Amino acid sequence: MVVVDLLSLLTDNTIDTSVLFESIFDFANERNLEFVLPSIAHAVTISQDLKRSTDQTNAGNGIVWESAMLLALFLDVNVIGGARSRQSPLRILDISSGCGLLGISLAKMNCAVTMTEQPSVLLHLHENISKNSPYLYAPQVCPLFWGNIDQIAHVRQNGPFDIIVATDVTFSYSLIPLLVETLRACADQNTEMYICAPEREPNAFQLFSTTVKEQFSANIVTFEGPLQRANELECPLFLLTLKPQHQ
């Protein structure tokens, strides 16, 4: 079992940036890992499906990518902490949860999380959710193919969502319109969308970047404070909101 403390890695100035990146990326090769976050008493335990990572029909959704770890840490440090005094939990939708690290981390922060994935991935996702019980608010899991109207309607029943998250979703040019359609359909005027999207496939990333700037109020987040070195990891974080209805 490998323990991943991303905050400690980012704040250790003795580690060269290239070594830091390689170390984080190498975590995807570990069958089991424990992910440490500042606000969570016990590490999040994740089992990775290494066989699925080489299956091109489901490539990547059985393992933990650095973008999921980075977004979980960013939200813990910069977003979720300020909402802990709320009387009701933050409602969060995790688009394409993969093996579950991000969504489970958010659930352990006492958020009400809806996690989504393709049906073929759900068994592995449920296993990782069970490994991390108990929860104050148990994660809800829904099958979701981007753009599927019926599945989107089912997901929306768990809303309205305060936050929508997604990581590593710019891997296919042809799927970008469906992804954007799904984000728009699941959000409302009060929803903040955090999309951590490394440039895995350049054309898909460029289409996503161009489209969200046209269809949303869009900004690229600059990592600050203890997360400042994350700016060097080539994991751009988009913050999206729906444009005001009069625009």
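**Close-up views of a predicted model**

View 1. Strand β2 (residues 32-35) has Leu33 and Phe35 on a covered face, whereas Asn32 and Glu34 lie on an uncovered one.

**View 2. The open sheet of seven strands.** The strands follow the order β6-β5-β4-β7-β8-β10-β9, and their pairing is mixed. The edge strands, each of which pairs on one side only, are β6 (140-143) and β9 (216-220). On average, and with direction ignored, neighbouring strands of this sheet are turned by 20 degrees against each other. Strands β8 (residues 192-196) and β10 (residues 237-242) run antiparallel and are joined by four bridges; Cys196 stands opposite Leu237 in β10.

**View 3. Helices α3 and α6 against the strands.** Helix α3 lies across β4 (91-95), β7 (163-167), β8 and β10, and runs at about 155 degrees to β7. Helix α6, made up of residues 149-156, lies across β4, β5 (112-117) and β6, and runs at about 170 degrees to β6.

**View 4. The crossing of helices α3 and α4.** Two packed helices are described by the angle between their axes and the distance between the axes. For helix α3 (residues 66-80) and helix α4 (residues 101-108), the axes come within 9 Å and cross at roughly 25 degrees. Because angles under 35 degrees count as roughly parallel, α3 is described as roughly parallel to α4. The crossing of these two helices is right-handed. On the side of α3 the contact is made by Ala68, Met69, Leu71, Ala72, Leu75 and Ile80, and on the side of α4 by Leu101, Leu102, Ser105 and Leu106. Divided by type, the residues of this contact comprise nine nonpolar, one polar and no charged.

View 5. Apart from its neighbours within four places in sequence, Met115 is in contact with Asp94, Ser97, Gly100, Gly103, Ile104, Leu125, Ile129, Pro139, Gln140, Val141 and Cys142. Thr11 lies 104 residues from Met115 along the chain, and the C-alpha atoms of these two residues are separated by 30 Å.

View 6. Most residues other than glycine have a negative phi, and most peptide bonds are trans. A cis peptide bond, with omega about 5 degrees, joins Ser133 and Pro134, and Pro134 belongs to the loop between α5 (122-131) and β6. Gly159 and Pro160 are likewise joined by a cis peptide bond, with omega about 0 degrees, and Pro160 is found in the loop between α6 and β7. Ser96, in the loop between β4 and α4, has a positive phi, near 60 degrees. Glu234, in the loop between β9 and β10, also has a positive phi, near 60 degrees; its relative accessible area is 62%, so Glu234 is classed as exposed.

Technical notes
Residues are numbered from 1 along each chain as its sequence is written. This is a predicted model: local features need pLDDT of at least 70, side-chain atom pairs count only at pLDDT 80 or more; totals for chains, interfaces and linings use all residues. Side-chain values use heavy atoms; hydrogens and water are left out. Axes are lines fitted to C-alpha atoms, for helices over the stretch in contact, and angles run from 0 to 180 degrees between N-to-C directions. Angles under 35 degrees count as roughly parallel, over 145 as roughly antiparallel, 65 to 115 as roughly perpendicular and the rest as oblique. A crossing is left-handed if the near helix is turned anticlockwise from the far one by less than a right angle, and right-handed if clockwise. Contact means heavy atoms within 4.5 Å. Ala, Val, Leu, Ile, Met, Phe, Trp, Tyr, Cys and Pro count as nonpolar, Asp, Glu, Lys and Arg as charged, and the others, Gly among them, as polar. Two strands pair if DSSP finds at least two bridges between them. Buried means under 20% relative accessible area, exposed over 50%, partly exposed in between (1.4 Å probe, protein chains only).
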